[in-house]
Amino acid sequence: MNSDDLELFSRVARTRSISRAALETGINQSTVSRRITMLETELGVRLFRRSGRGVTLTERGQVLLAYAATMEKTLEEATRTLRNSSELGPAQICIAAQPTVARIMFGALRHELGARYPQTRVRFVEGLASQLLGMLQDGKIDIGIMYVPEQRGALQYDLLFSERVCLITPPDYPLRGDSINVSELANIPLILPSTHHGLRLLVESLAAREGFTPKIALECDGSISITKRLVLANCGCSVLPAAAVVEEVAAGRLKSFRLDNPAVERDVAIVWSQNSSTSGGLWDIAQIIRDTAATLVRNNEWPGTAASVGRPDSPTLVKP
């Protein structure tokens, strides 16, 4: 006996007719009759008295009808509770991002999440790509917003947009114009992370394509803020997202040069663990992230970006 059996039994009891119950449910009359007979056989009791005028409940049938009514009420309450819970959002959510992304997105994202899910406890985490990927795999964070690494492997992600990467120099560095060819990086002393970090891998990949070895002046695995301070202190130049230095460039404390031939961009994406499925709640959070990022780009609050929506290599999260 299951819920479908009880629902069909209840309908027959209410209509007092197998033929009318068949008409209401769209099930063949003989099928309804057979299922009621099978239910009676399974329970070992007669549930209905049959006559030419229809069917009436037996005493045992009255007992089962009370259980069926209780079950129907329980299912309705469960549906209502879960629907309300879904509308309230998750009890808590942990979202992680790399430093530049966190600096630009977290404020706007908190306001959007608060407006949509005021009862949800929100936790933000900032970290480097290797740290965030490890935390995703361990289930310590629910969703990440980060740059897609050069070696993507089986990483599951949903592209948001592409962000321009620039050469960052002290204000008096002897370069003219607003752009340089990638090949010119060969002669520029660079401050970069160590080899397992994204920007270092990006520069080495570009150098390999252009046939030169990067000139590493200093390795720094600290935050982008520390890297910028090292550039300000004339310890070398660096390669960073344009958005990471917008204030310093505007104030004249640093200079930014677009990298061309080829143009250098990195994809910013929503990332989730390859070992977990996307729940309905997580899909809704991802949609809020997408909308927030789109608004920031549209309002020119994220410099050097171009939308990646609809690109063929963007495996989009699908709502369950």
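**Close-up views of a predicted model**

**View 1. The cysteines Cys-235 and Cys-237.** Cys-235 counts as partly exposed, because its relative accessibility is 36%. Cys-237, by contrast, counts as buried, because its relative accessibility is 1%. The model shown here and in the following views is predicted. The cysteine sulfur closest to that of Cys-235 belongs to Cys-220, and the two sulfur atoms are 9.8 Å apart, so they are too far from each other for a bond. A disulfide requires two cysteine sulfur atoms within 2.5 Å. By this rule, the count of disulfides is 0.

**View 2. The chain as a whole.** The chain contains 10 helices and 13 strands. It has 320 residues, of which 42% count as buried. Its accessible surface comes to about 17000 Å², and carbon and sulfur atoms account for 50% of this area. Among contacts between residues at least 6 apart in sequence, 76% join residues that are at least 24 apart.

**View 3. The largest nonpolar core.** In soluble globular proteins, nonpolar side chains tend to be buried together. The largest nonpolar core of this chain has 31 residues, and those with the most contacts inside it are Leu-167, Ile-180, Leu-185, Ile-188, Leu-190 and Leu-259. At least two residues of this core come from each of strands E6 (156-169), E8 (190-192), E10 (238-241) and E11 (255-260), and from each of helices H7 (198-210) and H8 (224-232). Helix H7 gives the most, with 5 residues.

View 4. Which residues are in contact with Ile-180, leaving aside its neighbours within four places in sequence? They are Leu-167, Leu-175, Leu-185, Ile-188, Phe-257, Arg-258, Leu-259 and Asp-260.

View 5. Helix H3 spans residues 29-43, 15 residues in number. From its first C-alpha to its last, H3 reaches 21 Å, close to the 21 Å expected at 1.5 Å a residue. The buried residues of H3 are Val-32, Ile-36, Leu-39 and Glu-40. Why do the buried residues of H3 line one face of the helix? Seen down the axis of H3, they fall within an arc of 100 degrees, so they line one face. An α-helix has 3.6 residues a turn, so residues three or four places apart point the same way. On the other side of H3, Met-38 and Thr-41 are exposed.

Note on methods. Residues numbered from 1 in each chain as written. Predicted model: local features only at pLDDT ≥ 70, side-chain atom pairs only at ≥ 80, totals over all residues. Heavy atoms only, no water. Buried < 20%, exposed > 50% of the residue type's maximum accessible area, 1.4 Å probe, protein only. Core = buried A, V, L, I, M, F, W, Y, C linked by side-chain atoms within 4.5 Å. Helix = DSSP H or I, 4+ residues; strand = E, 2+ residues; numbered from the N terminus. Contact = heavy atoms within 4.5 Å. Areas by Shrake-Rupley, 256 points an atom, 1.4 Å probe, with all protein chains shown as cover. Expected span 1.5 Å × (residues − 1). Arc of directions from axis to C-beta.
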